[in-house]
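Trainee: Could you walk me through a structure that is new to me?
Mentor: Gladly, let us look at it together.

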Amino acid sequence: MAVANGPRYATRTDFVYGEDVTIGEWTISTEDLPRYR
């Protein structure tokens, strides 16, 4: 298995679907992320 180079994110954050989540320098909307069923 290849190992990706670059920054690692060592924490996980709980969020509610639809919220904006900040990861590093980016903020993404969780509105369209797939949900576990």
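Mentor: What follows is a short talk about the fold, the surface and a few residue pairs.

Trainee: Before we start, what should I keep in mind?

Mentor: This is a predicted model, in which local features need pLDDT of at least 70 and side-chain atom pairs count only at pLDDT 80 or more, while totals for chains, interfaces and linings use all residues. Residues are numbered from 1 along each chain as its sequence is written, and side-chain values use heavy atoms, with hydrogens and water left out.

Trainee: How many helices and strands are in the protein chain?

Mentor: The protein chain has zero helices and two strands, where helices (H or I, at least four residues) and strands (E, at least two) are DSSP runs numbered from the N terminus. Strand β1 covers residues 20-23, and β2 covers 26-29.

Trainee: And what does the C-alpha trace span along its principal axes?

Mentor: The C-alpha trace spans about 30 × 25 × 15 Å. Of the 37 residues in the protein chain, 5% are buried, and buried means under 20% relative accessible area, with exposed over 50% and partly exposed in between (1.4 Å probe, protein chains only).

Trainee: What about the accessible surface of the protein chain?

Mentor: The accessible surface comes to about 4,100 Å², and 52% of that belongs to carbon and sulfur atoms; such areas come from the Shrake-Rupley method with a 1.4 Å probe, and for residues only the protein chains shown count as cover.

Trainee: Which residues make the nonpolar surface patch?

Mentor: F15, Y17, I23, W26, I28, L33 and Y36 make a nonpolar patch of about 740 Å². Patches are made of residues with over 30% relative accessible area and no salt bridge, with like charges joined within 9 Å and nonpolar side chains (Val, Leu, Ile, Met, Phe, Trp, Tyr) within 5 Å. A salt bridge is a side-chain nitrogen of Lys or Arg within 4 Å of a carboxyl oxygen of Asp or Glu.

Trainee: Is Y36 buried or exposed?

Mentor: Y36 counts as exposed because its relative accessible area is 82%, and Y36 is found in the segment after β2. L33 is also in the segment after β2, but L33 is partly exposed, at 34%.

Trainee: Switching to charges, which residues form the negative patch?

Mentor: E19, D20, E31 and D32 form the negative patch, where Asp and Glu count as negative, Lys and Arg as positive, and His and the chain ends are not counted. D20 is in strand β1 and counts as exposed because its relative accessibility is 55%, while E31 lies in the segment after β2 and is exposed at 57%.

Terms used: Charge placed at Lys NZ, Arg CZ, Asp CG, Glu CD.
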